[in-house]
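I opened this model to look up a few things and kept short notes. The entries follow the order in which I checked them.

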Amino acid sequence: MSAVLPGSILRLRVHWTDRIGNALLATAGIALAVFLLAPLAMILMKSVEDKAGAFVGLANFEAYFHTPSLLHSIWNSLWVSTLVTAITIPLAFTFAYALTRSCMPFKPLLRNIALVPILAPSLLAAISFIFWFGNQGLLKAWLGGSQIYGAPGIVISMVFATFPHALMILVTALSLTDARLYEAADALGTSTLRKFWTITLPGAKYGIISAWMVVFTYALSDFGIPKVIGGNFNMLATDIFKLVIGQQDFPKGAVVAIILLLPVAVTYVVDSYVQKRQQALLSARSVPYVPKPSRAYDWAMAAFCWTLAVLMLAILGMAIYGSFVKLWPYNFSLVLDHYRLGLVDAGVIVSWFNSVKMAFWCATLGAIFIFVTAYLMEKTRGLDPMRPFVRLMAVLPMGVPGMVLGLGYIFFFVQEGNPLHFLYGSMGILVICTTVHYYTSSHLTAVTALKQIDNEFEAVSASLRVPFWRTFFKVTVPVCLPAVLDISRYLFVNAMTTVSAVVFLYSPKTTLASVAIVNLDEAGDIGPAAAMASLVVVTSAAVCVVYYFLQVWLDRRTQAWRA
Amino acid sequence: MTTTEYLELRDIRKEFGSFAALKGVSLAVHPGELICFLGPSGCGKTTLLRIVAGLETQSSGTVIQAGKDISRLPPMKRDYGIVFQSYALFPNLSIAENVAYGLVNRKVPRAERDARVKELLALVGLPDSGAKFPSQLSGGQQQRIAIARAIATSPGLLLLDEPLSALDARVRVRLRGEIRALQQRLGITTILVTHDQEEALSMADRIVVMKEGEIEQIGTPSEVYRSPASPFVADFVGKTNLLPARAAGGDCVLVGDQRFACGVNGVAGSSKNLKLFFRPEDVMVRNVGSATPNSAVAVVEKVEFLGGYSRLTFRMNGIDQALFADLSVNDLAEFHVKAGDTLRVAVPPDRMRVFEAA
């Protein structure tokens, strides 16, 4: 008999196969601590040190709040982000409503056009607006005497960049509503408007709040757009860059990073609360809503969506057009000069190769790490004290702006004494930082897919004495393959387009395409900048097509069981 | 430690934080029997099953299987097959691959493995389904495949966790019989967890009735049905008349103004609050006269047609509570009972039980 002492906690012996699982989870936890928590902690430390590294308490904060120019950036960041959100959400909601609740034709095409901005670096919109409305822009006259540079340019570029993010969330939220609610309302003779206020809006409420948060956070922490089209208009994200790269004032950079973290942290907490509530609304027995045709309404919706689609294509198209124009605005003949001379001969094209390389590693190693960690968290047992920590680390990156993460990485890895110092300036650090930056969405995708498969597979396997990894490879991975591909594609596209985190971390050997756009633009080479941006869009789009065919092929090979 | 029992649970306790899910459960399972854990949701029956499987860890207590203490063994070191309510069939593997899942790992040679799969599929009555995927089978068929997979490696113990709850009524009744027949043919010791008393009564050798983390009664189906050990068991298993009563000397109790004689377990001399129990089908209408023991005039309130029998709701003078009686089609035809009628009914003293009210 096993002698159990009174008061002691009885524990099962751990099978050696489960020890392997626990060891893997511990490794993942340590990796997240090193590559997420430690860099963030370094920012807190730097903010209370002077340039020489001595502890100065809150002196840096005090100095910051006595610098009116810096203080002004807080106000700028807040009102610009609020305005961007207030414009984007209604537009995206109407667009999403048209996609889910109308019978307008060409819905898939419209949806894809609206999602195109995701494939581009956020800077692309800024470059395009310079071509349209800049000092030498085609339609500069339309602005009267006013300027596109500064707040106006920032706001409309950000609306373009954030639109698809809001759209995706809202489409999901609007597709979740149960058709039976509308049938019940119809049976009670409810008016269309009343149905909208009592069923549609409450059902999409959490989606709207979530979209609101995502757009606000994006606008607050984006660096590329204010850098390119902001002119003298300062925002928090550009301040960090100036303080750190321009003035090498690390402590003050850390202070701005912490200030940037605050509003984002608030939205993040609200969002995670909202996510929890949203899940309770879902029921497996819901009946999907199928819209009925209505001529006038469908036409109105189509007109709205096509107007936005045309505007988006005009923005994208202008950047691509501009990349071929020989000498803006004097010689509009279309040539490949910017690609050939500006990128290839100038050696800038290396950045594009680097970006593809980095995106490839994020999409493979990064995706594998994220999926395996999510699997270990969801489906294995043991190591209970570590689990809340890993769970927190997995959702924390969503609340950390790229600029802040990147800054933490410099602080942490630049130290000579750090055994991981060798990563500094390498491709590895870019891959790791980018994977961590986009961790949360990928993690949630993985968790959602894992939650959909039966929770008892592992129990059944154990009862049949099959080690967990066999079930992982034989069942879990094949069943979750679509989600794994989604994660991989998401990481690839974001790695291609990201600027904020990596702008601090690249070395002369690892320059990236998106950073090259910033540098080309700063040097006044807007043609090559547009060329590079176009190249990134084309690459991302091509990769999406590749993923699409990969998915189709895999479906045929491994998903035959889906009835 | 020698024992003839196949599985022994000794003083199993399980706490989730401050909530005690199991409050010291002890029981023994005989070799080859089908024992059923029955109780309402939250009574701890599933937790107890999962402790036997090693999927939950008891806070304290001992589990002994085939003479060996397995209290601290991880699931992979234990000897059982398990079937869940969801079946948990691997959706991307064929039926044959599902059934062979545990065999592959034991390095059973391919030919032998194929033969075993064929044998098992024949055993569960689905000989031609090997190449299909789970989604191509009906719920009842998936359930049988899950059982085939669980017994493929010839475990000493079969655990069934609400195996029939997800099926529709007709299939459920058919599968009950099939599972029971299969279990008896294999002679495999089996634990069945269910909240469905009909399922427990029809399938089990013995039933363990549980309530709030404790065992209320262990007994054969007829013992549990005919002689419930507590008002809870009486009420949970089958339809019951349960009336507040007080002792009236001898073998008699008073319910309101009505005096009833109880043959079996009268609580002579006790003056505490009591509960009187009898089943609706124990109420007689045939050959009842004023001299019949425990007879009284009943006013019929409602007649509910239930197919093979009908349920009367009636009232007796001096009793506040409505009572139920089940009448066969024949009785009903003979007495032409309808709402508003009065008739004389009786309950034989040996069908009455008296409990001390909690």
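**Entry 1: the interface.** I am working with a predicted model. I looked at how chain B meets chain A. I find 41 residues of chain B in contact with 32 residues of chain A. The two chains bury about 3600 Å² between them, with 60% of it on carbon and sulfur atoms. On the chain B side, Arg72(B), Met76(B) and Tyr101(B) lose the most area to chain A, together 23% of what that side buries.

Glu456(A) forms a salt bridge with Arg50(B), and their closest N and O atoms are 3.4 Å apart. Which element gives the most to the side of chain B that touches chain A? I note helix H3(B), with four residues.

**Entry 2: helix H17(A).** I checked residues 427–437 of chain A for burial. Nine of the eleven residues in this helix are buried, including Met427(A), Leu430(A), Cys433(A) and His437(A). The buried residues pack against helices H1, H14, H16, H18 and H20 of chain A. At the helix start, I see a side-chain oxygen of Ser426(A) within 3.2 Å of the backbone nitrogen of Gly428(A).

**Entry 3: a sheet in chain B.** I traced four strands forming an open sheet, in the order E17-E16-E15-E18, with antiparallel pairing. E17 (323–328) and E18 (342–346) are the edge strands. Neighbouring strands are turned by 50 degrees against each other on average, direction ignored. Six bridges join E16(B) to E17(B). I noted Leu312(B) opposite Ala325(B) in E17(B).

How values were computed: Residues are numbered from 1 along each chain as its sequence is written. Chains are lettered from A and ligands numbered from 1 in the order in which they are written. This is a predicted model: local features need pLDDT of at least 70, side-chain atom pairs count only at pLDDT 80 or more; totals for chains, interfaces and linings use all residues. Side-chain values use heavy atoms; hydrogens and water are left out. Two strands pair if DSSP finds at least two bridges between them. Helices (H or I, at least four residues) and strands (E, at least two) are DSSP runs, numbered from the N terminus. Axes are lines fitted to C-alpha atoms, for helices over the stretch in contact, and angles run from 0 to 180 degrees between N-to-C directions. Buried means under 20% relative accessible area, exposed over 50%, partly exposed in between (1.4 Å probe, protein chains only). Contact means heavy atoms within 4.5 Å. A polar contact is a pair of N or O atoms within 3.5 Å; within protein, one must be able to donate a hydrogen and the other to accept it, and residues adjacent in sequence count only if both atoms are side-chain atoms. Buried area is the accessible area (1.4 Å probe) that two parts lose on being put together, summed over both. A salt bridge is a side-chain nitrogen of Lys or Arg within 4 Å of a carboxyl oxygen of Asp or Glu.
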